[in-house]
Amino acid sequence: MNRKYQAIAEKIKKLVIDSEYRLGGKIPSIRDLALTYGVSITTITAALRLLESQGIIEAKDRVGYFASSRVLKDVERHREYEPVPKNLADNIFIRDLATLNQNHAVPLGSAIPADEYLPNRQIQKSLLRAARRTSETLNYWFPGTPAYLSAIARRMSNIGVNSTGSDIIATNGAQEAVMIALAALTNKGDTVAIASPSYPGILHALKMLELQVVEIPCFPHGPISLDTLEFATRNFEIKALCVSANCSNPTGYSLSDEDKQSLIDICKKSDVAIIEDDVYGDIFHGKSRPTPLKALDTDGSVIYCSSFSKTISPGLRAGWIHPGRHYHSIANQKYFLNLSCPAITQIAVADFLDCGTYDLHLRKMRKIYQRNVNTLRDLVLRHFPEGTHCTVPDGGYVFWVTLPYTVNMEEIYEQALRHRIYFAPGSMFSISKSAARCLRVSGSNPVTAQVKDSIRYLADRIEESPHTQTDACEPN
Ligand SMILES: Cc1ncc(COP(=O)(O)O)c(C=O)c1O
């Protein structure tokens, strides 16, 4: 799946995290690493650069690379960290909803793709063709229209999940898919584990269903810490884990295939159902489509949720769920909730997929999103305070920024909005205190001069805001 240098970077990272290298200690020379791994100097150099950009190692001029003491401290703290179930009560930052449709604001934090990035003309043609088929479009279609379900099953089979239309249920976006999965698996007061930081819609769903949450941190690097997950599953009665194993929102990180298998094994041991949200999986930045957890699932216990909101149109609300062995209970939830999804959009999306231009569109968008993310990351690292850390996404168009100190992010958020700049403060993504000094930045829109100015504007507000020193990765 990974390129060679990425695979080697993973191995070196593991050694750093497992404290094989002394705190702040020197990494072997490039030449020695090339000999150890049997690869070229160029490959090792690329691996070390990647680790440096992730803050795992630090370069010292003419001396070499050193294990980052910051990462090692984070690891120590993480080992001491015990996750506990919490009530979401009123502590979720949901003002984002009010700003969702503020088209006039610079969309620095928005995870909604720009209109110009959607295949508008083709989907319009498909909608017009679908509108002519009134005998099909004017009725209920539960669990979905046959053409849509078959098209989804074909795509699922292409990414390693052998499926037929009868395995799939159409949903109103991935959000509804996650919601009905949670509703089928839990009762009020049950505990659900989530990655932290996590897509805000997961927090909203848990709050709506009155569930308790255990946040599993993503540090030192990845969408979710497997050690903490294992700890949590052994110590609490967790009904389900909600996770994006590929190109997660907001970190952009993916798990390696090996870690995906470990995650499945950990959950299986404690009978924790996995709800996989894979909405960004098709817009990976690497060479090939990352494997969904569902492709590694041998007994139908992974519930796969996705949609075309990030690739075709969020407004069509074209999503789906592959519930595996939970099919009947989840189908009931969907039917009880709203009987079915609109047929016209399903028919149009199936028509669009049949035209064969979707993969071409994805290839184009992957490059654009990756370029946007790189440009924005460079700008943030150039203008934000020294010591700011940005994730290097494996896919999607968002990345997670951690400041070297805590500022009043909500005040900056309000100030920025008054200045018509919308960014996503960390408290939208987690209830842990550490998120207060984080924010999500998004390359879902073209990086215009206005967007560049807004990064500088934020950097200035952060600089002038009173700073509080906090530990690097305090999970609570
Ligand atoms: C990770 C993730 N899952 C789900 C959704 C919601 O997707 P949909 O519009 O398909 O409901 C989003 C939207 O931002 C997201 O980022």
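Trainee: Which residues come nearest to the ligand?
Mentor: Bear in mind that this is a predicted model. Of the 14 residues around the ligand, the nearest are Gly-173, Gln-175, Tyr-199, Ser-307 and Ser-309.
Trainee: And which helix gives the largest share of that shell?
Mentor: Helix H9, residues 173–185, with three residues.
Trainee: How does the shell around the ligand split by class?
Mentor: Eight residues are polar, five are nonpolar and one is charged.
Trainee: Switching topic: how many helices and strands does the chain have?
Mentor: There are 17 helices and 16 strands.
Trainee: What percentage of the residues count as buried?
Mentor: 50% of the 476 residues in the chain. As for contacts between residues at least 6 apart in sequence, 75% of them join residues at least 24 apart.
Trainee: Now the helices. At what angle do the axes of H1 and H3 cross?
Mentor: Roughly 60 degrees, and the axes of H1 (residues 4–17) and H3 (residues 41–53) come within 8 Å. That angle makes H1 oblique to H3.
Trainee: Is the crossing left-handed or right-handed?
Mentor: H1 passes H3 in a right-handed crossing.
Trainee: Which residues make the contact?
Mentor: From H1, they include Tyr-5, Ile-8, Ala-9 and Ile-12. On the H3 side, Ile-44, Ala-47, Leu-50 and Leu-51 are among them.
Trainee: What classes are in the contact of H1 with H3?
Mentor: Nine nonpolar residues, along with two polar and two charged ones.

Definitions and conventions. Residues numbered from 1 in each chain as written. Predicted model: local features only at pLDDT ≥ 70, side-chain atom pairs only at ≥ 80, totals over all residues. Axes fitted to C-alpha atoms, helices over the stretch in contact; angles between N-to-C directions. Helix = DSSP H or I, 4+ residues; strand = E, 2+ residues; numbered from the N terminus. Parallel < 35°, antiparallel > 145°, perpendicular 65-115°, else oblique. Left-handed = near helix turned anticlockwise from the far one by under 90°. Contact = placed C-beta atoms within 7 Å. Nonpolar A, V, L, I, M, F, W, Y, C, P; charged D, E, K, R; others polar. Buried ≥ 20, exposed ≤ 12 C-beta atoms within 10 Å, placed from the backbone. Near = placed C-beta within 6 Å.
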